[in-house]
Amino acid sequence: MNLAEIIRTALLEIKNHKMRSFLSFFAISIGVISIMYTLTLIYSMNYRLKKAVEVAGPGRLNIELKNRWEAQTDVERKQANDTLTYEDALSIRKIFPELYMVSPYFDKWVSFSDGYFREHIGVRGITTEWRKRGWVYKMRGRFINRYDIENNQRVCVVIEDGGWLKKPKWLKFWSFKDPFQNYIKHNELLGKTIKLGSSLYKVVGILKEPPGEKNPKTFIGIGMWEPKILAPISTAQRFLGGWSQSEGGIDGINVDTGREETISKYQRLIEQVIKARHGRTMLFSIKDYREIIKDQMADKHRDMMTVMIIGIIAILAGGIGIMNVSLATIYSRIKEIGIRRAIGATRWDIMRQFMIEAMMLGFFGGIAGVIVGFAGIEYLAMKGDTDMMMLRWWMALAAICAAVLTGFLASIYPARSAARLDPIDALRYE
Amino acid sequence: MIKCQNLSKTYPLKKSEGYRALKGLDLKIEKGEFVSICGPSGCGKSTLLNILGFLDIPTGGKYLFKNTDVTSFSDNQRSVLRRQAAGFVFQSFNLLPRLSAQENVKLPMLYLGKNQKEASAKAAELLEKVGLADKRENSILELSGGERQRVGIARALANEPEMLFADEPTGNLDSVNSAEIMKMLAELNKKGGMTVIMVTHDSKLASLTDRIVKIKDGEVAV
């Protein structure tokens, strides 16, 4: 008996027992929905991690001061007065010339003005090494160079928002518009002199971000906020009037060892250098960037596990449902099995028929789940859940496969029981 | 074609020794014979038919079909033999009620591996032969007893078997329909040269066959 014929018989059976079939579909589809949700989350987290590492560099270490408000005791408060300095960065560079990047940075909140436009804005002081990682921009003009840094030049580079190729639906609900970005969109700043704090700076370059869809930074997520104006770190420290967290020092140093394998080695070595320079009292941390990202994702991971467990339970319930249905079906079809055996069906023919029937129950449940799941996940994505934008077609396929597999596993026992019936007993059964 | 030597069948029972349905039975049936197996109920004639039709296996003795001992055949081998060499006509018809007449007739051919088109054509031809050309698409439940048994015969002939086994084929039918079915079986035997083996307890029907094998208490009565 060929497959098409078996499938036709199975469809007939499913159609003849609509309610029974529906209940099996129902549990299976809940399982499928949660599998899709979980897969999307896993995929999204991996994607973000990969992209984050890609943008930040494979051997990324972040050296940061511990937050001052975390200081509890007097001793800690005293220690907290000591800060990282630009000189720390210079000496790390000097001691370890083999490091791919040593990029100190320093953020300051200042007022930006150009003509009548005024806006409070973050400025980041950087060195030339800043551009070594995470460079996704299209540049007009030039970048900050060594001359600017060594001579405290009052120049700056502006980062322009990339916008979206096709604006995501959730952004239409979220109507916030950055006034600064809006201003530079309509006013050419390159070559112009603007005011930052109380002094004048020349805009020597414009860095245009790629559109949101193509910008890996879009999907990295939280903790990646960056100021939109860059200035030489030396100039920023000396001349920029405004408020900063680190007072005389700098906010942190981003290091890239160049290779993943050397991260822990340099983590140790750099710690020794900084402790030597600051007398073991400063509160600072050197963190493996991947760990930072993973910490940020811990909550999502927990959510994912919960949903996954619900999904597994649902799909198991669906499987038990299918098993139950299949067993019940066998009892109502003993006579039929006997007739089929008498006219030449082998045990395998009977077994195959029941298994395909159960797998089709799983398949239809899976299809229903995929339809509802797609709709739900798209809805969440529309509401602004960027994780849910990572839904891929193969996840639907995987979820359906899981449903069919459940049907298959649940059918083994009932199908074997059906195949083992003695044809004579089955024929006599009324 | 069929040769049974010292055939026995014992059904195991929980308390006693077991029920011996056949007790060392010897039987020979040639190709093209129309044989009826007669006897009172419980004498073992249905058991014999099931064994001859490869549905059951004897617990003792030998069953040679075309000189091949089929007693040791596996379940699978017997299933294949059933679909190729044996056709069954049952007292209670044993048709699948949810399928149409034509689909019922097609079923053995599909198990044999014929494709839909071939099977449909052959089923239509067979149904025409048994006089049901206009009721091909009808559900089994819409057919009368006589019509159902004719569908049963058409189904039994689907794979052009060498032997036709009929277990009380007229047991559920009135005299008019019974006569018609008997005529059909006789025709298959005379014109088609098919070996027909029929179980009945009705001596009148048995007298219409070439040879009567009387069974009594699990043995051939002489």
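Guide: In this predicted model, the second largest cavity holds about 90 Å³ of space.

Visitor: What makes this space a cavity?

Guide: A cavity is a set of points where a 1.4 Å probe fits but cannot get out. The second largest cavity, with its space of about 90 Å³, was found under that criterion.

Visitor: Which residues lie nearest the centre of the second largest cavity?

Guide: The lining has 13 residues, and Ala86(B), Gly87(B), Pro108(B), Arg155(B) and Ala156(B) lie nearest the centre. Helix H2 (75–85), strand E6 (86–89) and helix H5 (145–157) of chain B each supply at least two lining residues. E6(B) gives the most, with 3 residues.

Visitor: How are the lining residues of the second largest cavity divided by class?

Guide: There are 8 nonpolar, 2 polar and 3 charged residues. Ala86(B), Pro108(B) and Ala156(B), which lie near the centre, count as nonpolar because Ala and Pro belong to that class.

Visitor: What is the volume of the largest cavity, and which residues line it?

Guide: About 110 Å³ of space lies in the largest cavity. Its lining includes Glu13(A), His17(A), Arg20(A), Phe354(A) and Leu361(A). H13(A) supplies the largest share, 4 residues, and the classes are 5 nonpolar, 4 polar and 3 charged. The whole structure has 6 cavities of 30 Å³ or more.

Visitor: Why are E6 and E10 of chain B called edge strands?

Guide: The open sheet of chain B has 6 strands in the order E6-E7-E8-E3-E9-E10, with mixed pairing. E6 and strand E10 (219–220) each pair on one side only, and therefore they are the edge strands.

Visitor: How do you know that E7 and E8 of chain B are paired?

Guide: Pairing requires at least two bridges. Strand E7 (residues 163–167) and strand E8 (residues 195–200) of chain B are joined by 5 bridges, so they count as paired, and they run parallel. Leu164(B) stands opposite Val196(B) in E8(B).

Terms used: Residues are numbered from 1 along each chain as its sequence is written. Chains are lettered from A and ligands numbered from 1 in the order in which they are written. This is a predicted model: local features need pLDDT of at least 70, side-chain atom pairs count only at pLDDT 80 or more; totals for chains, interfaces and linings use all residues. Side-chain values use heavy atoms; hydrogens and water are left out. On a 1 Å grid over the protein atoms alone, a cavity is a set of points where a 1.4 Å probe fits but cannot get out, and a pocket is an open set with protein on both sides within 12 Å along at least five of seven lines; lining residues have an atom within 4 Å of a point. Grid points are joined across faces, edges and corners, and a volume is the space filled by probe spheres set on the points.
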